Amino acid sequence: MNIYFSDYFDVSKDDLDEYGAFNVSLINDMPVFIDPFLLFSSDKDDYQELHVEIIKYIAFLREMSGNGAISKGLVKHWFLFPEVKQNWLGYSKVGNGGSGLGPKFASALNDNLSTIFSDFGTEKITQSSHLEKLCLIKDGVGKDSISDFTTNLIKGYLCEYTQEFAKRYLDPTRCKVVSVQHSQFDYEMRRWVAKKFTLPYIDGDYILLTPKDILTKDEAWINKHDIVGDFDEIAESIPNMELRAQINDYLIRQIPERANKREINEAIARTLRKFPVMIDHYIRYKEDRREEATALSEQKVRETEAIFIRQVTNLVEMLRAQKQFYSQKGDTFEEAYNRVIFLKQVIENNDGYRLFYVNGLPVKKESDLQLIFRLTWYAAEEDVNAEVNNGRGPVDYKISRGSRDSTLVEFKLASNSKLKQNLAKQVEIYEAANQTSKSIKVILYFTDSEFSRVNKVMKDLEISQGKNLVLIDARATNKPSGSNAK
């Protein structure tokens, strides 16, 4: 059964590893993204050149913005980019589609060209310019936007990188010469141009590979969470004593008495807007720790490969041994329930619980659980949609066979702080919104205390396990080989 690039194109995983490429799933986006800081911090000349090209393009946009109002057509061409879905990286719950960089990102970038990017390319405090500045003070611009923008700006390089791998390792019949839009920016003509590449081709589209050493997971090295969390240390690193005192005085006056964490974070955010020079000191603080960025990203990518490639592959093999998992038929509720039960049995009785552990510690992320569930369904004929949203919030999965037969499946961790609220009402609201009366809630627990918590919630709500509510025991402590979980 095919899940990953290596499966579909009959290429050795060792060859991919040796080349340095991430073995993407061609079923679903993988939850990693490109961190532009890793281009800056790399010892590789081609990566550093890519970082210089990113700076050059931002400087071009700043120059054009400074010349007066930019027409809507040029804003669309220069600032708006589609998601590069062909690299199969990101946060799509089903497939590889995404919204790309729309007007919100374009507006944020354009607005900041004359403020936080006013000295872009000529910074005095930092060693270099960094696109990630944009996500530090602008709400709604996160790591996915920065990654999408970076991916678009280096798309030509990714095409060349993939083309070289294809020529070296792939059967020529599995490749196709394609014209890739937005591959290179022509500064003389001031427009993006297309180039032709020979790339892996499947299901009417080409595939792009990405080097593992520019990928990370969860947070980019330069991120809003760290600038808030490390505020005191960053402030102390400012050599100007008078400026330090002004910053500290302003922050103290922003924090109300008996402030909670949220109020303190909001005060810090206001201080950063008041003293944007702190952003440069924060970035310099991060630049000085560039080796940590490389080591951390390598660790995150290894963990991602362990969970979503090696361990998912093992899980699929376990499920294939129970032939009913991939051959059963029935209405969507029965099929969804039976598959959940098979998954439960594999996790509880066939060492499948190991899938949720890395270095002996549980991976407690609902998004990871949901993606794993999606990969177990890839062979089904049913229409499996994730994050179905009908105006009242998303449900994890909606499995449908036509308009009259659909079932909702909601995955939760026992550690979720809103578990009781979810069990009480949430899926019922989704059922009404999706015009179905069939739904299954699946709860995964890792410890005795989490199991006790789930039981207490169920007792309070007067509900019990059954076809609509399934508990999965992922504890390592009560399994014969639990002490060796890796």
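Modeller: What follows is a set of questions about labels, each answered from a value and, where needed, a cut-off.

Biologist: What kind of model is this, and what does its secondary structure come to?

Modeller: This is a predicted model, and the secondary structure of its chain comes to 20 helices and twelve strands. Of the 486 residues in the chain, 53% are buried, and the chain exposes about 22,800 Å², with carbon and sulfur atoms supplying 47% of that area. Among contacts between residues at least 6 apart in sequence, 71% join residues at least 24 apart.

Biologist: Why is Pro 31 called buried, while Asp 10 is called exposed?

Modeller: Buried means under 20% relative accessible area and exposed means over 50%. Pro 31 has 13% relative accessibility, so it counts as buried, whereas Asp 10, at 70%, counts as exposed. Pro 31 is placed in the loop between H2 and strand E1 (33–34), and Asp 10 lies in the loop between helix H1 (5–8) and helix H2 (13–19).

Biologist: Which residues does Pro 31 touch, leaving aside those up to four places away in sequence?

Modeller: With heavy atoms within 4.5 Å as the criterion for contact, Pro 31 touches Gly 90, Lys 217, Phe 308 and Leu 371. As for Thr 216, Pro 31 is 185 residues from it in sequence and 9.0 Å from it in space, taken C-alpha to C-alpha.

Biologist: What makes the phi of Asp 10 worth a remark?

Modeller: Most residues other than glycine have a negative phi. Asp 10 is not a glycine, yet its phi is positive, at about 50 degrees. His 182, again not a glycine, has a positive phi of about 55 degrees, and the place of His 182 is in strand E2.

Biologist: How do you know that helix H8 is largely enclosed by the rest of the structure?

Modeller: Helix H8 covers residues 143–153, and nine of its eleven residues are buried, so the helix is largely enclosed. The buried residues of H8 include Phe 149, Leu 153 and Asp 148.

Biologist: Why is strand E10 also described as largely enclosed?

Modeller: Eight of the eight residues of strand E10 (residues 406–413) are buried, so the strand is largely enclosed by the rest of the structure. Ser 406, Leu 408, Glu 410 and Lys 412 point one way from E10, Thr 407, Val 409, Phe 411 and Leu 413 point the other way, and all are buried.

Biologist: What makes E10 and strand E11 a pair?

Modeller: Two strands pair if at least two bridges are found between them. E10 and strand E11 (residues 439–445) have six bridges and pair in the parallel sense, with Glu 410 standing opposite Lys 441 in E11.

Biologist: How many bridges join E3 to E4, and in which sense do these strands run?

Modeller: Two bridges join E3 to E4, and the strands run antiparallel; with at least two bridges as the cut-off, E3 and E4 therefore count as a pair. Tyr 201 stands opposite Tyr 206 in E4. The open sheet has three strands in the order E2-E3-E4, with antiparallel pairing.

Biologist: Why are E2 and E4 called edge strands?

Modeller: E2 and strand E4 (205–206) each pair on one side only, and they are the edge strands.

Biologist: How many cavities of 30 Å³ or more does a search of the whole structure find?

Modeller: The search finds one cavity of 30 Å³ or more, and the largest cavity has a volume of about 40 Å³. A cavity is a space where a 1.4 Å probe fits but cannot get out. Residues lining the largest cavity include Asp 35, Trp 221 and Lys 300, and helix H15 (residues 290–321) gives the most to this lining, with four residues. By class, the lining has five nonpolar, two polar and three charged residues.

Biologist: What lines the second largest pocket?

Modeller: A pocket is an open set of points, unlike a cavity, from which the probe cannot get out. The second largest pocket holds about 340 Å³ of space and is lined by 17 residues, of which Glu 53, Leu 153, Tyr 157, Ser 183 and Gln 184 lie nearest its centre. Helix H4 (45–66), helix H9 (155–169), strand E2 (175–186) and strand E3 (191–202) are the elements giving two or more residues to that lining. The lining divides into ten nonpolar, three polar and four charged residues.

Conventions. Residues numbered from 1 in each chain as written. Predicted model: local features only at pLDDT ≥ 70, side-chain atom pairs only at ≥ 80, totals over all residues. Heavy atoms only, no water. Buried < 20%, exposed > 50% of the residue type's maximum accessible area, 1.4 Å probe, protein only. Areas by Shrake-Rupley, 256 points an atom, 1.4 Å probe, with all protein chains shown as cover. 1 Å grid on protein atoms, 1.4 Å probe; cavity = no way out; pocket = protein on both sides within 12 Å on 5 of 7 lines; lining within 4 Å. Points joined across faces, edges and corners; volume = space filled by probe spheres on them. Nonpolar A, V, L, I, M, F, W, Y, C, P; charged D, E, K, R; others polar.
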